[in-house]
Amino acid sequence: MSWGFMRSSAWKFLQSPRYNRSRVEYAAPNIFFDEVQDAMSSADDSTSAEEDLDSLVLFGMMKGSVVGLRYYAGVVNNNEMVALQREPNNPYDRNAVKVNNVNGEQVGHIKKELAAALSPVMDRKLVKIEGAVPYGAHNVFTMPVTLSFWGREENKTTVLDHLKKHGFRLETGPKGFGKSFSSAAGSSLSSSLPAVQLTLEQLKSEFDKLFEDLKEDDKTQELEPARSVQTKLLPHQKQALSWMVSRENSQELPPFWEERNGFYYNTLTNFAEKERPESVRGGILADDMGLGKTLSTIALILTNFHDGKPLTTLTSGKQKTNTAESQGQCGETRGSDNSQAATGTSRKRQKPRKGKSDPQDSEEEEWLPRKTKSSSSCGFVDDDQFAMALAGASPAVKKKSNKKSAGKTKAQSQSKCDGKLPRPTLIICPLSVMSNWIDQFEQHVRAEVDLNIYVYYGPERSKDSNTLSQQDVVLTTYSTVTHDYGNNSPLHKIKWLRVVLDEGHTIRNPNALQTKAVHSLDAVRRWVLTGTPIQNSLKDLWSILSFLKLKPFTEREWWHRTIQRPVTTGEEAGLRRLQALIKSITLRRTKTTKVKGKLLLQLPERKVYMQYIKLSTEEREIYESVQNEGKAVIGRYFNEGTIMTHYADVLALLVRLRQLCCHPHLVSSTLSSSSIAANSTPDELREKLVNKIKLVLSSGSDEECAICLDSLNIPVITHCAHVFCKPCICQVIHSEKPNAKCPLCRSEIRLEHLLECPEEEMDPSARKDQKWVSSSKVDALMSALMEQRNKDPRVKSIVVSQFTSFLSLIETALRESGFMFTRLDGSMTQKKRTEAIQSFQSSSVDSPTIMLLSLKAGGVGLNLTAASRLFLMDPVSRIHSERIF
DNA sequence: ACCGCCGGGTGCC
DNA sequence: ACCGCCGGGTGCC
């Protein structure tokens, strides 16, 4: 049993498109009957051709023609891919089908007889039609196009029959069409003629390999951070910095683009244009957890602060260097805006400004990045950039910079110094790691550096664009970005110098509002930090590539046709492309990666002890009685064949048993393990639902909502006993009405049936009627802690459980034995969390030696290096233990 | 001639 | 479009 089921079904549900069922009236002169509407009314919406692109099969292909080229600016090359788009509001023909090139520019229309045949099946989403133009060049009035028809297997005959009525037939075999088609861009017949088809296993292992062994030279150069970074970087962090700086200042064409006789040519789609595609000024930093993605990013922000120059404490306009001219143009000034300090949650560094009295000196000696390796032959940072960064460092380098800047090309000076580069970097992270960012800025940035950081979070956040655009760093959460989206938010109005997505895989769902909200941010440089680059499948990668503005992948069709489908159908070219793509935009190191023969991090050896605790007789009796009752209930479901609709009950039972292993009081006696029967009276049902939601909320500490995959916000329970955020489920009910179904089990759900959790304490340790008693497991923990304290009273430990109520019980035991402790769980505000971490990390004598940590709240990105022991209190399966250790 | 044929005008949907 | 189609002009050989 895994939560995977729950998640995937919710996702599928969320991803299924919902069409507008109302017919549109057209004032078109040539209205005629659409026989398909009736013939196909049985086709269910859920079987649409856009639901899951991977499950589509090729129905066949045909030739058609594109007409009206005269009237449109879009041009097409030989073998170029084109997209077909319905144009139902065309005043001359409501069946019109536009043909667009890869850039989205219209090329022409599908000839009207063919369009009349295509439009009904396109509108009903029974088929997705892709086009490729075998001979695109030099056509004046019309051009040929080969169309591939993709859809769900069950819709194939409907589509073929329909086309037949209009006198069109699809070619299916390789005969006749095969050769010309498979040579046309992206239109291979691979699904009917599997090429070197890889098995799922092989494919998976290829994925795993994708990110390994990326040890190319351009990724092993090192760069010293700006002086404003006070932490000494490890070699691999200097490599990350070097790579990131060079990517931000890159003039390279994006992957799969070439310059060919004055045009920029995309080798995947065969699209060409005069305009140079934007370089990808960013990428994916996919280092394993713990390798310092945060530090590397902070170093990047300070080192490539503006125009390839590091952050200084001074106004650069006063600089008398060889690059003064360009800096003057850029007009980037620092430290002159103290009056604009952010208010509210903003944080401004206070510092003793020694050295400020003599700007000239400190400028020249202090605020310069240095290279580890001798600079002359290194090409990892654009030489010109480097020269600017080094300006004034030494006479020798000055000369070099002089020479270089004199020889600057127009493109270079424009990109680096058009004076319009915005100032702030936006960092978006899950709330749980926000404090980590704040801490790390605090820790790694020199105290005297004047860096404005604004935490854009909470109801007090400033709605003023000016306030934000004058910051150096704005920190916010995914939820905030999503919430602000479409609400005239300053986040979406400002042009950012840089947007950094921390735990970037959170935008993997292409249809989630959160993903759209993040995609719509405007930035010059874009970064994705993640420890899990391709988590579930290739699909995850699309939203990241789209965020990075990687042409032409911002449109899902091109991503799917050029990479995703070729890879999933096992075409060799697909995997090759994917590898090339990932290699060019990703830096990934794991804990086992070596630099110069050494592991990146030398951590003390980790020792894992499993201690099995024997339950007391009384505990065992309770356990067995619940277990037996549960077995009976589940057996009944099983016999009825309703296991799947009752899986929430099954999970709840398992949770209860796990709780009983920790402490009997975790399972409230009022919570009967009997299930929610369909024939309950309303009052009984209500009571059971309330008990159920209480159980869910108290058991998992920081339970997720299956719709937003985030922590539950105003949890409500449905009649079918599933718990969601109230706003999430309300939105589902609203958009699905009048027949809304539960995203998890497809039962009918109604707004008026939702139940909120009544306001009352749910913490068993706070219940007055229950006297404090220990449990076998608590006893075992306490004796281990006390033994440890006797040996060395300064040793710090973390005690982890997914059950916050268990942590509360442990609190009592800790107090009894006189331990100093602190606590971190999902219910705490950001401020409280920060305090908890800081007090625990502190080395002062009154600092707590124990932290009680809820599993979910401590999930990612916490730095709790003060501890040397960790007690995992929950029963663990093998799967769990692998994830944790 | 209620035709054929000619040649000019014209051209997506 | 070096096409097709339209509709006006035209009409034995």
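This is a predicted model: local features need pLDDT of at least 70, side-chain atom pairs count only at pLDDT 80 or more; totals for chains, interfaces and linings use all residues.
Of the atoms of DNA strand B that come within 4 Å of the protein, 54% belong to sugar and phosphate.

At a base, a nitrogen of DNA strand B is 2.8 Å from a polar atom in the side chain of Tyr72. Contacts through the protein backbone are also present: a backbone N or O atom of Lys112 is placed 3.1 Å from a phosphate oxygen of DNA strand B, and a polar backbone atom of Gly68 lies 3.5 Å from a sugar or linking oxygen of DNA strand B.

A further element of the model is an open sheet of three strands, in which the order is S7-S8-S9 and the pairing is antiparallel. The edges of this sheet are formed by strand S7 (257–260) and strand S9 (272–273); each has a single partner strand, so one side of each has no neighbour in the sheet. Strand S8 (residues 263–266) runs antiparallel to S9, and the two are joined by two bridges. Within this pairing, Ala272 in S9 is the residue opposite Tyr265.

Methods: Residues are numbered from 1 along each chain as its sequence is written. Chains are lettered from A and ligands numbered from 1 in the order in which they are written. Side-chain values use heavy atoms; hydrogens and water are left out. A residue is near a molecule or strand if one of its heavy atoms lies within 4 Å of it. A polar contact is a pair of N or O atoms within 3.5 Å; within protein, one must be able to donate a hydrogen and the other to accept it, and residues adjacent in sequence count only if both atoms are side-chain atoms. Two strands pair if DSSP finds at least two bridges between them. Helices (H or I, at least four residues) and strands (E, at least two) are DSSP runs, numbered from the N terminus.
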